[in-house]
Amino acid sequence: MKGTSLKFYMHENRNHQHTLVYEWLLEQAKKMGMHGGSAFKAISGFGRHGIFHEEHFFELAGDLPVVVEFIVNDDEADRLLEMVRSSGLTMFYVRLPAEYGVINGETGQ
């Protein structure tokens with residue numbers, strides 16, 4: 001199948017409406033009927049301001065990058081982007097064409 005890989009980037013400690021942004025984004029996508037999404041936490045990284053963030057064992061700052069990714073059809077990607085725009089959040093995203101499917105399995109799993 002052809003569709004879209006849609007990735008949103010944020011700091012893990014960022015909040016929106018008293019909820020972590022990555023959790024809020026996944027909850028909203030589920031309410032919209034998306035079939036799945038995943039959040040991935042980086043172990044280190046830096047952003048547009050050049051500040052380097054790295055996970056340390058004793059550090060609980062929660063300032064590492066998180067990526068929330070959805071593999072969706074083009075209409076679902078448009079709807080997700082519009083939902084984020086209307087929420088008032090400022091967020092970096094990447095939208096790429098994707099080919100996806102299930103190998104040796106059923107699509108309902």
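The following conversation works through some features of this predicted model and the reasons for the words used to describe them.

User: What makes up the protein, and in which pattern do its elements follow one another along the sequence?

Analyst: The protein has 2 helices and 8 strands, and read along the sequence they follow the pattern β-β-β-α-β-β-β-β-α-β. Buried residues account for 30% of its 109 residues.

User: Why is Thr4 called buried?

Analyst: Thr4 has a relative accessible area of 2%, and the word buried is used for values under 20%, so Thr4 counts as buried. Its place is in strand S1.

User: Which residues is Thr4 in contact with, leaving aside its neighbours within four places in sequence?

Analyst: Thr4 is in contact with Phe70, Ile71, Val72, Asn73, Asp74, Ala77, Arg95, Leu96 and Ala98. With one of these, Asn73, Thr4 is 69 residues apart along the chain, yet their C-alpha atoms are separated by 5.7 Å.

User: What makes the pair of Thr4 and Asp74 a polar contact?

Analyst: The side chains of Thr4 and Asp74 are joined at 2.5 Å, and the cut-off for a pair of N or O atoms is 3.5 Å, with one atom able to donate a hydrogen and the other able to accept it. The pair lies within that limit, and therefore it is listed as a polar contact.

User: How do you know that H2 has close to the expected span for a helix of 14 residues?

Analyst: Helix H2, residues 74-87, reaches 20 Å from its first C-alpha to its last, and the value expected at 1.5 Å a residue is also 20 Å. At the start of H2, a side-chain oxygen of Asn73 reaches to within 3.1 Å of the backbone nitrogen of Asp75, while H2 is followed by Gly88, whose phi is positive, near 90°.

User: Why are the buried residues of H2 said to line one face of the helix?

Analyst: The buried residues in H2 are Glu76, Ala77, Leu80, Leu81, Met83 and Val84. Seen down the axis of H2, these buried residues fall within an arc of 155°, so they line one face. An α-helix has 3.6 residues a turn, so residues three or four places apart point the same way. On the other side of H2, Arg85 and Ser86 are exposed. The buried residues of H2 pack against strand S1 (2-11), helix H1 (21-31), strand S7 (65-72) and strand S8 (92-99).

User: What puts the buried residues of H1 on the same side of that helix?

Analyst: In H1, the buried residues are Val21, Trp24, Leu25, Gln28 and Ala29. They cover an arc of only 130° around the axis, which puts them on the same side of H1. The face turned away from this buried side carries the exposed residues Lys30 and Lys31. The buried residues of H1 pack against S1, strand S2 (15-16), strand S3 (19-20), S7 and H2.

User: Which elements supply the largest nonpolar core, and which gives the most?

Analyst: The largest nonpolar core has 19 residues, and those with the most contacts inside it are Phe8, Met10, Leu25, Phe70, Leu80, Val84 and Met91. S1, H1, S7 and H2 each supply at least two residues of this core, and H2 gives the most, with 5 residues. In soluble globular proteins, nonpolar side chains tend to be buried together. Not counting residues up to four places away in sequence, Phe8 touches several residues, including Leu25, Phe70, Val84 and Met91.

User: Why are His18 and Asn104 called exposed?

Analyst: His18 has a relative accessibility of 84% and Asn104 a relative accessible area of 81%; the word exposed is used for values over 50%, so His18 and Asn104 both count as exposed. His18 lies in the loop between S2 and S3, whereas Asn104 lies in the segment after S8. Although His18 is not a glycine, its phi is positive, about 65°, and Asn104, also not a glycine, has a positive phi of about 55°.

Notes:
Residues numbered from 1 in each chain as written. Predicted model: local features only at pLDDT ≥ 70, side-chain atom pairs only at ≥ 80, totals over all residues. Heavy atoms only, no water. Helix = DSSP H or I, 4+ residues; strand = E, 2+ residues; numbered from the N terminus. Expected span 1.5 Å × (residues − 1). Buried < 20%, exposed > 50% of the residue type's maximum accessible area, 1.4 Å probe, protein only. Arc of directions from axis to C-beta. Contact = heavy atoms within 4.5 Å. Core = buried A, V, L, I, M, F, W, Y, C linked by side-chain atoms within 4.5 Å.
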